[in-house]
Amino acid sequence: MELFIVLHDHDGTPHKKFRAKFTKETNLDQLNAEIQKTWRIEIKDQQLFLDNGEEIFGLGERSLQSFGLNNGSTVVVKHVLLTNWRTYLEGVDEIRKLTSSGETSSRKRIAVQGRRQLSPLDDSDFFSIYPNLVKKRREIDNEINFLVHNSAKYLKRAIENYYKNYEVEIVQKPKKAAGVQHGFFVRVKNKSNGICKQYYAKTVGAQPKAEFAPGEKLKIDLIELFLYQLLSLIGFGAPEVHILPDSTNSDSVYLSTALSFRMASGYLVDELLENPKASKKETFISGEAQNQFNIIAGLLGLVDLLDNKGKYGMVERKTACDEREGGTVDVADLAQGPRIPKSTTTTSLKDYVERWELRKHIQEAKKLILENEAIRNTDNKNLPQFEFYLKQIEENLKNIQ
């Protein structure tokens, strides 16, 4: 007989499936072994069910037919640790409901309990069996400390304190806006001349997992801050980059960048804020701009700048051909360090490096970061990694003299 084997998660969503042929004499032990061979789920971690939800459990020598399995039947497989995963998600939902400032201790307690639920999952092959759940795990990792410490409140306070001489309107980032970091759109109006500017203020880097990994404390990511400043200086990034100190004088900083472009999602900022149903406007990056993306991505190690459209947008500046020049919106992930793009000749690299005045602007961006008061007055920063990253860039530049 032939059976359909389907892997489900905690919600009953199918993730994987395969077909297998068995004889009338095939027993439960043999079915367990076939599942282990195919999906590498240890037999002790397997929970098997009939299509109607009835559990398949008993002596390993029992035949499959004795459980009601016949030709064409479906066997649902679940990992035993899905119970931990479900409990973890329920804890995160509970944290989201505790929104009052005085409930931080309760949020911490639930978060620590969540860490206990995740521990056996991390120590097993759970996430290799359910790779689609890795994205959900990362989203929660990015969000959890923000939720536990009510970071939205502290980010708002930092914005209000930094722009205290202006009229400020803080607007929640719509779901259509790209980016995993938590932040707000900020409208700033000069009281004397009435000029308005728009900014995007956000947390820097992925939120720490300190409550789910006791003792781990996120350091200020100097590399990310440096890249924002450098890209702005060479004309790739936001026209203004501001580092916002935490108003409570903690070891945290936030980032605020001026908005002057159509977002990578295809929406204008005003469209996102005032008309959630606004339609996207088609944009186009010229071949020349794309070539520059290739070069800067390689020299700075921005590995997903080219593939992830959430990392760049369209500057509202038309060329003669009615094209829009590309500009970075968000800093891409770093991996394997900076490198010289293989598809670009040394001559063209040298031309761009000189055109961007890259060596000079690297020093300017470095100075803007290291001489920032909030950064200078804390030891909570990844200075060794930053210095190593700068050395890698300098070595690349030496090779294209």
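Q: Where do Glu395 and Lys398 lie?
A: Both sit in helix 13 (residues 383-398), 3 residues apart, or about one turn of the helix. Helices here are DSSP runs of H or I with at least four residues, strands are E runs of at least two, and both are numbered from the N terminus.

Q: And what do Glu395 and Lys398 form?
A: Glu395 forms a salt bridge with Lys398, and their closest N and O atoms are 3.6 Å apart. The term salt bridge is used for a side-chain nitrogen of Lys or Arg within 4 Å of a carboxyl oxygen of Asp or Glu. As for the spacing, an α-helix has 3.6 residues a turn, so residues three or four places apart point the same way.

Q: Are those two buried or exposed?
A: Glu395 is partly exposed, with a relative accessible area of 43%, while Lys398 is exposed at 52%. The cut-offs: buried is under 20% relative accessible area, exposed is over 50%, and partly exposed is in between (1.4 Å probe, protein chains only).

Q: Before I go on, what kind of model is this?
A: This is a predicted model: local features need pLDDT of at least 70, side-chain atom pairs count only at pLDDT 80 or more, and totals for chains, interfaces and linings use all residues. Residues are numbered from 1 along each chain as its sequence is written, and side-chain values use heavy atoms, with hydrogens and water left out.

Q: OK, back to salt bridges. How many does the structure hold?
A: There are 9 salt bridges in the structure. One of them joins Arg137 to Asp122, with the closest N and O atoms 2.8 Å apart. Arg137 lies in helix 5 (residues 132-148) and Asp122 in helix 3 (residues 104-122), so this pair ties together parts that are 15 residues apart in sequence.

Q: Is Arg137 buried or exposed?
A: Arg137 is buried, with a relative accessible area of 12%.

Q: What about Glu357, which residue does its side chain meet in a salt bridge?
A: That's Lys360, at 3.3 Å, N to O. Glu357 is partly exposed at 40% relative accessibility, and Lys360 is partly exposed too, at 42%. Glu357 also has a positive phi of about 50 degrees although it is not a glycine. Its place is in the loop between helix 10 (346-355) and helix 11 (358-370).

Q: Which other residue has a positive phi although it is not a glycine?
A: Arg40, at about 60 degrees. Arg40 is in the loop between helix 1 (28-39) and strand 3 (46-50), and it is exposed, with a relative accessible area of 68%.

Q: Switching to strands. What do strand 1 and strand 2 form?
A: They form a hairpin with 5 residues between them, and Gly12 in the turn has a positive phi of about 85 degrees. Strand 1 (residues 2-8) and strand 2 (residues 14-21) pair in the antiparallel sense over 7 bridges; to count as a pair, two strands need at least two bridges found by DSSP. Leu3, for example, has Ala20 in strand 2 as its bridge partner.

Q: What about the sheet of 5 strands, which order does it have?
A: It's an open sheet with the order 6-7-8-10-9 and antiparallel pairing. Strand 6 (167-172) and strand 9 (241-245) are the edge strands, each pairing on one side only. Strand 8 (residues 196-203) is joined to strand 10 (residues 253-258) by 5 bridges, and Thr203 stands opposite Tyr254 in strand 10.

Q: Which residues is Ile170 in contact with?
A: Ile170, which is in strand 6, is in contact with Lys156, Ile159, Glu160, Phe184 and Phe185, leaving aside its neighbours within four places in sequence. Contact means heavy atoms within 4.5 Å. Ile170 is partly exposed, with a relative accessible area of 24%.

Q: Last one: what's the overall tally of helices and strands?
A: The chain has 13 helices and 13 strands. Buried residues make up 48% of the 401 residues in the chain.
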